[in-house]
Amino acid sequence: MCDHGVVEIPGINPSKCYHGDDTEQYHIEEVLPPQDEDECEQCDELVELLNHGYSSDLKWSMKDYRPPRYQYLRYRVPSEIRDEVLKSNRVKRVLSILHKDTGRSMESLDEEARSILEEMGHQFSLTILRLLGGLMRKLIKEIVTSITVNGDNIIALKRLSSDSPLLLIPTHRSYLDFIIVTWILYSFDIKTPVIAAGQDFMFMKGVGSLLRRCGAYFIRRSFGKDKLYWALFAEYTQTHIINGDAPVEFFIEGTRSRTGKSLQPKFGMLTIALEPYFDARVADVSICPITLCYEKTIEENLHVRELMGIPKPKESTTGLIKARSVLDNNYGRICVKAGNILSVHLLSRGKVDRKRRALVPRSVIPSVHPHERHFVNNLAYQILLEQQRNSVVFPCSVMASILLFYISKNKWSVPHQQLRDDMLWGCDLFTKLGCTIDLDVRYEMMQHSLDMLGPVVRTDDNNVIVERNPSSSEHLTPIFRSCHSLISLGRRRNELMHGVIHASIIAKILETSVTYGHAYHVYSKIYRVLQIEFVFKPNNMEADFESCLSRMVSLHVVSYSPDSLLYSFSDAKTRDLLVSLIEPFLVTYNNAWLFCISYTPRTSEHAQSIKALANRIQTYNSVLYNEPLRFGELLNLNVIENSILVLGTLGLITVDKNTKTVFCKNPNNLSDFCIELSLLLTPLISKL
């Protein structure tokens with residue numbers, strides 16, 4: 001996709017992909033060009049993995065697999081890795097501190113440490129990886145139409161794997177993410193990774209053991225101030241990086257995104273992974289952001305229900321067996337884009353002083369310096385932005401956006417031909433604004449998109465109808481049944497929001513003609529309001545505004561009058577579509593804040609949990625509005641919780657991150673802010 005071609009596979013026609021004009025540049029995204037002829041054959045190509053060169057899944061799994069090894073690799077079996085962790089200076093020092101502070105014997109503490117490592121560590125076996133990989137390849141081929149991956153950066157990754165330790169950081173939308181990444185590396189003869197996985201999987205009988213044998217090591221979801229666990233986890237992760245046993249894979253977002261868009265980054269794992277570089281124990285660390293784009297995730301219905309507050313079933317082997325019905329459905333295409341490889345050494349020049357740590361004895365655990373923390377935080381955002389830059393939007397996401405546009409006007413049915421015309425128009429608009437749209441000539445756009453949006457969308461005569469009572473929403477109240485369809489479509493719309501969020505904000509501002517100064521003033525307020533909901537480049541607000549407004553003027557979407565010095569939209573329909581993308585978030589935030597003014601506790605003694613407050617707001621919204629809703633976000637707990645958290649960021653309420661509770665000491669400040677925001681939203685609120 002983008003400027004890449006497609007590898008010709010017998011029986012498969014090439015696909016066509018359109019992309020926006022990528023004008024924003026990122027620093028130090030150097031990728032080494034391939035040098036030998038075999039590699040050149042795959043460079044700048046999209047490789048189709050499902051039908052790539054093997055007549056059977058068994059032959060693929062048993063292929064000659066000889067990945068390049070890290071140049072300083074010292075071969076170790078899993079038990080030797082655990083023993084070296086226990087003998088490390090960090091772990092010894094923590095054990096000594098705990099011995100003095102708690103009075104426990106060193107033997108007892110050593111036994112506990114060994115038990116934690118046994119629980120945490122992987123037991124990698126290439127034989128098990130081959131067998132499980134062949135089985136998964138067979139199963140995935142039953143439910144997925146195609147899996148494509150860009151060959152150029154994968155080849156660059158393969159060549160770099162012998163020069164420096166690798167961090168693989170994929171997006172996280174599905175349980176399939178780590179399976180597909182491992183599949184790709186195995187297919188390209190790259191060492192498969194060790195994967196930092198949550199303990200949820202560990203307790204699945206049989207499955208946890210298989211994942212452990214495929215390279216997963218299990219960590220607790222939270223371990224707070226447990227010094228011993230922190231030391232063991234950090235040392236276990238870092239020893240793989242220092243020795244180069246395998247690439248280390250983890251998710252910068254920390255958990256799966258249920259919403260279809262990127263979550264804010266978590267910095268802890270990245271900090272731990274980069275400490276060996278800060279300590280000068282490795283010369284460099286190479287980071288490969290990986291974007292996995294699904295036409296439809298296998299967990300979609302589960303995610304929608306979670307967003308409405310219905311608890312997800314606990315991961316179990318029994319539950320996995322019961323969920324085998326997913327094999328009866330088709331989930332379309334998966335596109336994987338390995339991003340440009342980032343060199344930590346090059347990125348940190350002039351920003352991190354490694355000499356400072358050289359003055360600290362190895363037996364002492366140095367604290368993270370503010371400069372290092374600042375570098376890690378900025379790098380985390382750069383990784384996320386690189387993932388977004390490589391995101392591919394499927395036409396079903398454009399269809400979802402168009403349907404939600406009509407629903408905002410209380411139209412739940414759209415003529416088939418009108419929807420087709422609007423989709424072509426929408427694809428062209430979103431492409432110009434910066435999205436990469438996958439228009440694959442192998443698929444009829446309308447029918448394939450309708451199939452991917454089922455069961456929340458159906459056709460009747462000459463119309464496309466959004467279901468108010470989809471079959472997947474049984475046992476829900478009427479307002480939650482219609483909301484189920486809206487949230488499902490909203491998840492698909494969110495897949496393109498990274499490319500159009502700035503244009504949507506500007507469209508909202510330009511509902512009336514305004515000057516540049518006024519436009520930027522309002523933009524900055526909405527930008528700050530949405531700073532948790534969407535991922536923005538840090539300290540880049542003005543540049544984002546100027547870049548997007550200039551692009552919209554050059555595309556003749558926005559016009560500028562030199563005489564009046566006013567900016568205005570050239571086409572009302574374009575403006576209304578872009579505004580409809582951001583409306584649901586602004587309305588939900590406004591409602592949540594009005595509720596917080598009256599009902600948020602005033603003191604820390606009466607502080608309420610964020611989750612409980614979000615549930616109260618959801619109940620309030622379900623009563624306030626008649627069925628059917630026009631915006632599913634009004635009952636989307638993720639959006640509601642974000643609306644509460646951003647108040648803490650703005651200093652309007654107090655959020656205790658440890659207890660995850662909130663209280664509002666001065667509701668007048670919050671009230672004044674809400675009044676100011678309401679003035680911006682007056683045309684929108686009046687429509688409701």
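User: How many aromatic pairs does the count come to by the ring rule?

Analyst: The count comes to 23 aromatic pairs. Rings of Phe, Tyr and Trp (its six-membered ring) pair if their centres lie within 6.5 Å; planes under 30 degrees apart count as stacked, over 60 as edge-to-face and the rest as tilted.

User: What makes Phe 405 and Tyr 406 a pair, and which kind is it?

Analyst: Their ring centres are 5.4 Å apart, and the cut-off is 6.5 Å. The planes stand at 55°, so the pair is tilted. Bear in mind that this is a predicted model, where local features need pLDDT of at least 70 and side-chain atom pairs count only at pLDDT 80 or more, while totals for chains, interfaces and linings use all residues. Residues are numbered from 1 along each chain as its sequence is written, and side-chain values use heavy atoms, with hydrogens and water left out.

User: Why is Phe 405 called buried? And how about Tyr 406, buried or exposed?

Analyst: Buried means under 20% relative accessible area, exposed over 50%, partly exposed in between (1.4 Å probe, protein chains only). Phe 405 has 5%, so it counts as buried. Tyr 406 has 6%, so Tyr 406 is buried too.

User: Why is Leu 135 called partly exposed?

Analyst: Its relative accessible area is 46%, so Leu 135 falls in the partly exposed class. Leu 135 belongs to helix 6 (residues 126-143).

User: What makes phi of Ala 280 worth a look?

Analyst: Most residues other than glycine have a negative phi, and most peptide bonds are trans. Phi of Ala 280 is near 65°, a positive value in a non-glycine residue. Lys 660 also has a positive phi, about 55°.

User: Which peptide bond is cis?

Analyst: The one from Gly 454 to Pro 455, with omega near 5°. Pro 455 lies in the loop between helix 19 (445-453) and strand 14 (457-460).

Methods:
Helix = DSSP H or I, 4+ residues; strand = E, 2+ residues; numbered from the N terminus.
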